[in-house]
Amino acid sequence: MRTTISASFRGRYSEIAQSLDVGAEWLEARLAADLHDLRPVALQVRVKSVDSVFAKLQKGDYEEIWGLEDLIAARAVFLHPSDVDAAIKALGGKFPEVESKNTEAGKPNDFRYQQPHLIVGFPQDYVERHPELSKVKIELQFTTYIQHALQESTHDVIYKGSRFSWREARLDGRLRGLLEIVDDVLANISNVAQVDAEPAYELFDKRNQIIEIAEQLWDADRLPADMRRFAITVEGLLGAAGVTVEQLADLAEGNSDLVSALSLGPVDKIVGVLLRERFDELLRGIKRRKLLISSELEDMVPQAAKWPRDKRVALT
């Protein structure tokens, strides 16, 4: 339900909000530039609504509208807690700071919503061009993707609901504690996974063998960026041709001209080896899949030119 607001206040804030909109647009661009290297998942900037401003002023905590700390508010969302700390440091000194909140460790048993905030003003050089924004305070919030999702999911129910609910507030606190643990695990997932011994798992073991063979055959700068996808692709090709991972190393050794070719990528080279050594088997086993055969591969492997058109990826 909207708060009943006098027409005079609504009109006055409408004028202020036009300037706030200009400032918010500049702020979003500035934050995007300053935080670019940290790759935020999301950047949100909003101007406080007239209803919210009026309701805050009615509480009597502020002498004037310029006392509000979030006439413009921004939220920067990152994958991990360490990115949040880095973002706060990255913005240090770039905005005149009024106050910082929740940037120090809180009570160990307190899981209320208390994400780090900075209350800042616009930089002096910007204020000189826009003096109407000289008194505006900006709230900069920093949070993780998981905590952001929880905040977005619970905000309207828990913080803006029509009634107070102990159970809902309690659940919110419990979820925040749980998700704090999840944040830490995700930030250190590789280390956490080492707690238990790696069990034998044939599927992954075979794919890791493919990766190891590729690393022996080619220098790092010649390998694909996504080695997991490479291993899965090669696994499918070997399966279609009836070639084991162990046999792949021997076949590669017998086709050193292909292995060392500069004009072909690792997958193309393996396709070329299989076309040379297991053409008929590959043709029978490929079934509904198709091969991507480049002109460079046809130049080096005559068998590639014989590969049926209906079993090729169309390049044009």
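The structure is a predicted model in which local features need pLDDT of at least 70 and side-chain atom pairs count only at pLDDT 80 or more, whereas totals for chains, interfaces and linings use all residues. Residues are numbered from 1 along each chain as its sequence is written, and side-chain values use heavy atoms, with hydrogens and water left out.

Side chains of opposite charge can pair when their charged atoms come close. The structure holds 13 salt bridges, a salt bridge being a side-chain nitrogen of Lys or Arg within 4 Å of a carboxyl oxygen of Asp or Glu. In one of them, the side chain of Lys206 meets that of Glu235 at 3.9 Å, N to O; this pair links distant parts of the chain, with Lys206 in helix 8 (residues 202–217) and Glu235 in helix 9 (residues 227–241), 29 residues apart. Helices (H or I, at least four residues) and strands (E, at least two) are DSSP runs, numbered from the N terminus. Glu235 also meets Arg207 in a salt bridge, with an N to O distance of 2.9 Å, and here too distant parts of the chain are linked, Arg207 lying in helix 8 and Glu235 in helix 9, 28 residues apart. With regard to solvent exposure, residues are classed as buried under 20% relative accessible area, exposed over 50%, and partly exposed in between (1.4 Å probe, protein chains only). Glu235 counts as buried because its relative accessibility is 15%, while Lys206, with a relative accessible area of 36%, is partly exposed. Helix 8 also contains Gln209, which is partly exposed at a relative accessible area of 30%; the C-alpha atoms of Gln209 and Ala231 are separated by 8.7 Å, although the two residues are 22 residues apart along the chain.

A further salt bridge joins Glu298 to Arg312, the closest N and O atoms being 2.7 Å apart. This pair likewise links distant parts of the chain, with Glu298 in helix 14 and Arg312 in the segment after helix 15 (302–305), 14 residues apart. Arg312 has a relative accessible area of 9% and is therefore buried, whereas Glu298, with a relative accessible area of 24%, is partly exposed. Glu298 and Gly272, which are 26 residues apart in sequence, have a C-alpha to C-alpha separation of 8.7 Å. Elsewhere, a network of salt bridges links Arg46, Lys48, Lys56 and Asp70.

Rolling a probe the size of a water molecule over the atoms shows where empty space is left. A search of the whole structure finds one cavity of 30 Å³ or more, where a cavity is a set of points, on a 1 Å grid over the protein atoms alone, at which a 1.4 Å probe fits but cannot get out, and lining residues have an atom within 4 Å of a point. The largest cavity has a volume of about 30 Å³, a volume being the space filled by probe spheres set on the points, with grid points joined across faces, edges and corners. Its lining consists of Leu31, Leu35, Ala74, Arg75, Ala76, Leu91, Leu140, Gln141 and Phe142, and the elements that give two or more residues to this lining are strand 2 (72–78) and strand 5 (138–144). By class, the lining residues of the largest cavity divide into seven nonpolar, one polar and one charged, with Ala, Val, Leu, Ile, Met, Phe, Trp, Tyr, Cys and Pro counted as nonpolar, Asp, Glu, Lys and Arg as charged, and the others, Gly among them, as polar.

On the surface, Val41, Leu79 and Tyr145 form a nonpolar patch with about 290 Å² of accessible area together. Patches are made of residues with over 30% relative accessible area and no salt bridge, nonpolar side chains (Val, Leu, Ile, Met, Phe, Trp, Tyr) being joined within 5 Å and like charges within 9 Å; accessible areas come from the Shrake-Rupley method with a 1.4 Å probe, and for residues only the protein chains shown count as cover. Leu79 is placed in the loop between strand 2 and helix 3 (81–90) and is partly exposed, with a relative accessible area of 49%.

Positive phi values in residues other than glycine include that of Arg39, near 50 degrees, and that of Lys287, near 50 degrees. Arg39 is found in the loop between helix 1 (7–34) and strand 1 (42–47), and Lys287 in the loop between helix 13 (279–285) and helix 14 (295–300). Arg39 counts as exposed at 70% relative accessibility, and Lys287 counts as exposed at 64%.

Methods: 1 Å grid on protein atoms, 1.4 Å probe; cavity = no way out; pocket = protein on both sides within 12 Å on 5 of 7 lines; lining within 4 Å.
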